[in-house]
Amino acid sequence: MRHVHTTTPAANQMLLEGALALSEIEQTGWRIDKGYLDATILEVENRIKEVDQSIRNDPSFVKWRSRYGTNANVASANQIAKLVFGDLGYVCSVRTDRGDRESASKKAMEDIDLPIVKNYLLGNKLRKLHGTYLMGIRREMVEHHGIWLVHPNFNLNTVVTFRSSANAPNVQNMYKREPEYANTLRRCFIPRPGQQFVETDLASAEVKMAANYTLDPVAIKECLDPKADPHKDTAAKLFCMTREEVSKMARFHAKNSFVFAQFYGDYYVNCAKNLWSAIQDLTVNDSEETILQRLAKNGITELGEAPEEGEPRQGTYMAQVRKVEKWYWEKKYKVHTQWKRDWYANYKNDGGIMMKTGFAINGSYSKNDIINYPIQGSSFHQLLWSLPRINAAFRKFKMKSRVIGEVHDSVDVDAPPSERDDVIEVIKQIMTKDLVKAWPWLVVPPVIEAECCPVDRPFADLVGLKEELDGSWVPADLAKWKVKFGNWVLKS
DNA sequence: GCCATCGGCGCG
DNA sequence: AAAGCGCGCCGATGGC
């Protein structure tokens, strides 16, 4: 039986109310520290000049110039690829997306120990910071009653999964993972005078939403058990270790290069390659033994190659990751695997899919797309449903706090310190209690995590909070807070 | 000078 | 069958 899927009235209403909420959020805007921004732009421009000059002073630049003459451009990916992999004879293992050229990406060149390459990659990085982020903010900045603001656009009509996107400037992709760049950029954003930033996140939103779709009992149990650490279990399998032998780094790479990759539909060949390069310098936890030695003890001495057909050769890391992949999908999460098969078969039959949140997607998509879209979209819809209600609650309680932005599974608020705990409480009530009542199909309920900055401090100073028994929220690491910012003020 | 495309890279 | 999903944005490049 063929079903033609149509977005439900409830989902359309969510979209409209969400658009209104995002419109309010846009009008509120983000305050900018103009003095800091201007000074930092000059500083970064000077650093770029220095880096560019050291490229031009490099002995290898003679070859670069003889190839390109006056067109030699120290910022050209194509040109440095020709220099490094052509003139200098290095072997490139990464191709561009179309596969017709040698790549000059970080991944392709980070292991090349040449000053000119290091400086090229540094220049790239600084140009991104300067052009995309700092200048992007300055271009969008407007003055309002003596305060400088940007008003980023939040779009609900652009993304295939019915997620949001943001632009002008895009505040959904600001540096976060690298402290140095995160600090430099996030110092641009400051709260309104006397206020502070509060941020709440949905913990593991997509993993939980996947369990809500697949109803895999193993996944559900892990989501509901705060002591479960499935990434550690997977790391132990991947690296032939006990759970105790899994270090933080080993767990990190298992999570990012295997679990998440597999989750989005990658396969063992890519995972094995990425894991193999990640573990080259790692050791077994609390031990001198390297992971490579551990694998060798288990008969694995090389990465190996992707087989043309059939299974990878025994004794290679490819074969090991293939084995873990089979265990992962055919044994551990076999219900999830069956769901993927059924979900895709239904799509092939219907020509579209229906999300549990009421949004329909029709058209021609790959298997990976069809499996990922409902999970990505529905995770965000938890937030979309909540945003107008958060705005309404702030109004109802006559609060001065304002939502200023949203990053798919997190909400950013500019709040007076007296309202800090109330802000978190309001969001917690809506996103973890009201929402579960409205959507009874949520077998894995959402959980909120919270962070905040000190009063009058920029976004760079976000610190994790934990909830006390009395319902107040305090820094998870009070000692660290005290060293950085002085005494923690409960309520002011 | 304008436009479209590509490579590259930031975030969830 | 396909081979990790979704975005926005910059600078380089090449055609007009």
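## Sorting the residues

Ala, Val, Leu, Ile, Met, Phe, Trp, Tyr, Cys and Pro count as nonpolar, Asp, Glu, Lys and Arg as charged, and the others, Gly among them, as polar. With that sorting in hand, the surface near DNA strand C comprises 15 polar, 10 nonpolar and 6 charged residues. Please keep in mind that this is a predicted model.

## Around DNA strand C

In total, 31 residues surround DNA strand C, and the closest are S76, R139, D266, N270 and Y373. Of the DNA strand C atoms that come within 4 Å of the protein, 78% belong to sugar and phosphate.

Some individual polar contacts are worth a look in your viewer. N73 places a polar side-chain atom 2.9 Å from a phosphate oxygen of DNA strand C.

## Elements that supply the surface

Which element gives the most to the surface near DNA strand C? That is helix 16, with 6 residues. Helix 16 covers 367–396. Helix 6 (115–140), strand 5 (165–167) and helix 11 (248–263) are also among the elements that each supply at least two residues of this surface.

Moving on to the strands, 6 of them form an open, antiparallel sheet in the order 10-11-7-12-13-14. Strand 10 (402–406) and strand 14 (473–475) stand at the edges; each has a single partner strand, so one side of each is left without a neighbour in the sheet. From one strand to the next, the twist averages 35°.

In general, strands of a sheet pair through backbone hydrogen bonds, either parallel or antiparallel.

## Aromatic pairs

The structure holds 25 aromatic pairs. Take Y328 and Y333: their ring centres are 4.9 Å apart and their planes meet at 80°, so the pair is edge-to-face. The cut-off behind that label is an angle over 60 degrees between the planes.

Are these two tyrosines buried or exposed? Y328 has a relative accessible area of 5% and is buried, while Y333, at 8% relative accessibility, counts as buried too. Elsewhere in your view, Y213, W339, W343, W385, W439 and W441 form one aromatic cluster.

How values were computed:
Residues numbered from 1 in each chain as written. Chains lettered and ligands numbered in written order. Predicted model: local features only at pLDDT ≥ 70, side-chain atom pairs only at ≥ 80, totals over all residues. Heavy atoms only, no water. Near = heavy atom within 4 Å. Polar contact = N/O pair within 3.5 Å; in protein donor to acceptor, adjacent residues only side chain to side chain. Helix = DSSP H or I, 4+ residues; strand = E, 2+ residues; numbered from the N terminus. Pairing = 2+ DSSP bridges. Axes fitted to C-alpha atoms, helices over the stretch in contact; angles between N-to-C directions. Phe/Tyr/Trp six-rings, centres within 6.5 Å; stacked < 30°, edge-to-face > 60°. Buried < 20%, exposed > 50% of the residue type's maximum accessible area, 1.4 Å probe, protein only.
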